[in-house]
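Colleague: I am new to this structure and would be grateful for a guided reading of it. May I put some questions to you once it is displayed?

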Amino acid sequence: INAEYMGASVASSGDGSIFVRFDVELVHEESPKKVFFVVEIKPEWAPLGAQRFLELVESKFFDNCRFFRALKGFMAQFGIASDPKVSSYWRKKAIPDDPVVVSNDRGYLTYAMAGKNTRTSQLFINFKSNAFLDKQKFAPFGRVVEGMTSAIDSVYTGYGEGGNGKGTDGKGPNQNMINNKGEPYLQELFPKLSIIRSAVVLKNYTPPAEFN
């Protein structure tokens, strides 16, 4: 892990953990609501996944991208950039798999993937324990330590699973269309999807005593 982040982690926790804050806008509310959540990145769980995630944060990849696939009772997925050119760049940079060393528990952060060694930028946060994903080699590399209830549990799930992408079948957006058209496509057809406004490494942060 980059020494800059290791310095930040020592200031934060002293055990190698790195904390990242996400500011989110819940635009489906009658009055759009601003919330945040903090994830604790654990490089010892999945070092390759942690390193890629921090590269994405440093490049501001997550700024203004949406939770495009949020399935109630399962997970909330994000990680397609608002700019198609940015998405295209990172899709070509797949990383090798990390072994699974912890389970996909509630609030745990994991890469979405389409098979062996296909992780790039898409991530999901588990709404509940999804231990069945462990055997499918989905390796968590972090966990939400603050804002699980106020932010993650509150992201918009109304569109459900992805569909034809035209907004005519009662389902959510098509991932290929997001990749090709970016934010204008989502704003036009799926405007209620919750938006990540920023993601930044916290250099001085003490997590709450209890998971929330």
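Colleague: In β7, which residue is the bridge partner of phenylalanine 78?

Modeller: This is a predicted model, in which local features need pLDDT of at least 70, side-chain atom pairs count only at pLDDT 80 or more, and totals for chains, interfaces and linings use all residues. Residues are numbered from 1 along each chain as its sequence is written, and side-chain values use heavy atoms, with hydrogens and water left out. β5 and β7 pair in the antiparallel sense over four bridges, where strands (E, at least two residues) and helices (H or I, at least four) are DSSP runs numbered from the N terminus, and two strands pair if DSSP finds at least two bridges between them. In β7, phenylalanine 78 has as its bridge partner leucine 123.

Colleague: Which residue of β7 is the bridge partner of leucine 109?

Modeller: β6 and β7 run antiparallel and are joined by three bridges. The partner of leucine 109 in β7 is isoleucine 125.

Colleague: Are the faces of β7 covered or uncovered?

Modeller: On one side Leu123 and Ile125 are buried, and on the other Phe124 and Asn126 are buried; buried means under 20% relative accessible area, exposed over 50%, and partly exposed in between, with a 1.4 Å probe and protein chains only. Both faces of β7 are therefore covered.

Colleague: Which strands stand at the edges of the sheet?

Modeller: Nine strands form an open, antiparallel sheet in the order β3-β9-β1-β2-β8-β6-β7-β5-β4. Two of them have a single partner strand each, so one side of each is left without a neighbour in the sheet. These edge strands are β3 and β4.

Colleague: At about what angle to β1 does α2 run?

Modeller: Helix α2 lies across β1, β2, β6, β7 and β9. Axes are lines fitted to C-alpha atoms, for helices over the stretch in contact, and angles run from 0 to 180 degrees between N-to-C directions. The angle between α2 and β1 is about 55°.

Colleague: Which residues of the largest nonpolar core touch the most other members?

Modeller: A nonpolar core is a set of buried Ala, Val, Leu, Ile, Met, Phe, Trp, Tyr and Cys residues joined through side-chain atoms within 4.5 Å. The largest such core has 37 residues, and the elements giving two or more residues to this core include β1, β2 and α2. The members that touch the most others are Phe22, Phe37, Phe53 and Phe62.

Colleague: Is arginine 66 buried or exposed?

Modeller: Arginine 66 is found in strand β3. Its side chain joins that of glutamine 187 in a polar contact of 2.8 Å; such a contact is a pair of N or O atoms within 3.5 Å, and within protein one must be able to donate a hydrogen and the other to accept it, while residues adjacent in sequence count only if both atoms are side-chain atoms. The side chain of arginine 66 also reaches the backbone oxygen of proline 191 at 3.1 Å. With a relative accessible area of 2%, arginine 66 is buried.

Colleague: With which residue does glutamate 55 meet in a salt bridge?

Modeller: A salt bridge is a side-chain nitrogen of Lys or Arg within 4 Å of a carboxyl oxygen of Asp or Glu. The partner, at 3.3 Å from N to O, is arginine 52.

Notes: Contact = heavy atoms within 4.5 Å.
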